[in-house]
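Please keep the sequence and the model in view while reading.

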Amino acid sequence: LPPTHLRQKMSESMNKLFQNPMFLKAMAKKRAELKGKTITMAEIQNHKSLTDMWMVIRGCVFDLTQYAGAHPGGRLTILRNCGGDGTKPFDDENHSQEAVLKLPKYYIGDVDKAQPTGGGPLIRG
């Protein structure tokens, strides 16, 4: 891991990427289509195999199963964080704007607010 001061700058950089208007607009559209669907962490934990990959990033649930084969780091990189909260690992990798803009396509709902996620700020759009 990078030194603490670099990790903090990376985190700030990731926060800015998640505030991109194109990303927020796409997330708002998907959220409306799904009518505010929420998913419990207990349900998310059931989706952590090579053929079924759900991951929480910033309070949002993404089904990355179809994307995993195209991930530059490979399917196993995604699988390591599936079935739970992948916010910190996602942010620590300092993903690009391009990567963040792909996420809305795979959005399937928000984590049930009654359930703790331990991740970064919830994405609202």
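The text below moves from the overall fold to the largest pocket and then to individual residues.

## Basis of the report

The model is predicted; local features need pLDDT of at least 70, side-chain atom pairs count only at pLDDT 80 or more, and totals for chains, interfaces and linings use all residues. Residues are numbered from 1 along each chain as its sequence is written, and side-chain values use heavy atoms, with hydrogens and water left out.

## Overall fold

The protein contains six helices and six strands. Helices (H or I, at least four residues) and strands (E, at least two) are DSSP runs numbered from the N terminus. Along the sequence, these elements follow the order α-α-β-α-β-β-β-α-β-α-α-β.

Of the 125 residues in the protein, 38% are buried. Here, buried means under 20% relative accessible area, exposed means over 50%, and partly exposed lies in between, with a 1.4 Å probe and protein chains only. The protein exposes about 7,100 Å², and carbon and sulfur atoms supply 56% of that area. Accessible areas come from the Shrake-Rupley method with a 1.4 Å probe; for residues, only the protein chains shown count as cover.

Among contacts with a separation of 6 or more, 77% join residues 24 or more positions apart. A contact means heavy atoms within 4.5 Å.

## The largest pocket

The largest pocket has a volume of about 470 Å³. Its lining comprises 21 residues, and those closest to the pocket centre are Y67, H71, I78, F90 and H95. The elements that each give two or more residues to this lining are β3 (52–57), α4 (75–79), α5 (87–92) and α6 (97–102). Helix α6 gives the most, with three residues.

By residue class, the lining of the largest pocket holds eleven nonpolar, six polar and four charged residues. In this division, Ala, Val, Leu, Ile, Met, Phe, Trp, Tyr, Cys and Pro count as nonpolar, Asp, Glu, Lys and Arg as charged, and the others, Gly among them, as polar.

A pocket is defined on a 1 Å grid over the protein atoms alone, as an open set of points where a 1.4 Å probe fits, with protein on both sides within 12 Å along at least five of seven lines; lining residues have an atom within 4 Å of a point. Grid points are joined across faces, edges and corners, and a volume is the space filled by probe spheres set on the points.

## Residues in strand β6

Strand β6 covers residues 107–111 and includes D110. At 5% relative accessibility, D110 is buried. Its side chain forms a polar contact of 3.0 Å with the side chain of R31. A polar contact is a pair of N or O atoms within 3.5 Å; within protein, one must be able to donate a hydrogen and the other to accept it, and residues adjacent in sequence count only if both atoms are side-chain atoms.

I108 also lies in strand β6 and is buried, at a relative accessible area of 17%. Beyond its neighbours within four places in sequence, I108 contacts L34, K37, I39, W54, V61, F62 and D63.

## Loop residues

C82 sits in the loop between α4 and β5 (84–85), where it is buried at 7% relative accessibility. With neighbours within four places in sequence set aside, C82 touches H47, K48, M53, W54 and M55.

Two other loop residues have a positive phi. K35, in the loop between α2 (21–33) and β1 (38–39), has phi near 55 degrees, although K35 is not glycine. R58, in the loop between β3 and β4 (60–63), likewise has phi near 55 degrees and is not glycine. K35 is exposed at 73% relative accessibility, whereas R58 is buried at 3%.

D91 belongs to helix α5 and is buried, with a relative accessible area of 9%. E12 belongs to helix α1 (residues 4–17) and is partly exposed, with a relative accessible area of 44%. The table gives C-alpha separations for pairs that include these residues.

| Pair | Separation in sequence | C-alpha distance |
|---|---|---|
| D91 and S13 | 78 residues | 9.0 Å |
| E12 and D91 | 79 residues | 9.5 Å |
| I108 and I39 | 69 residues | 8.6 Å |
| C82 and V56 | 26 residues | 7.8 Å |
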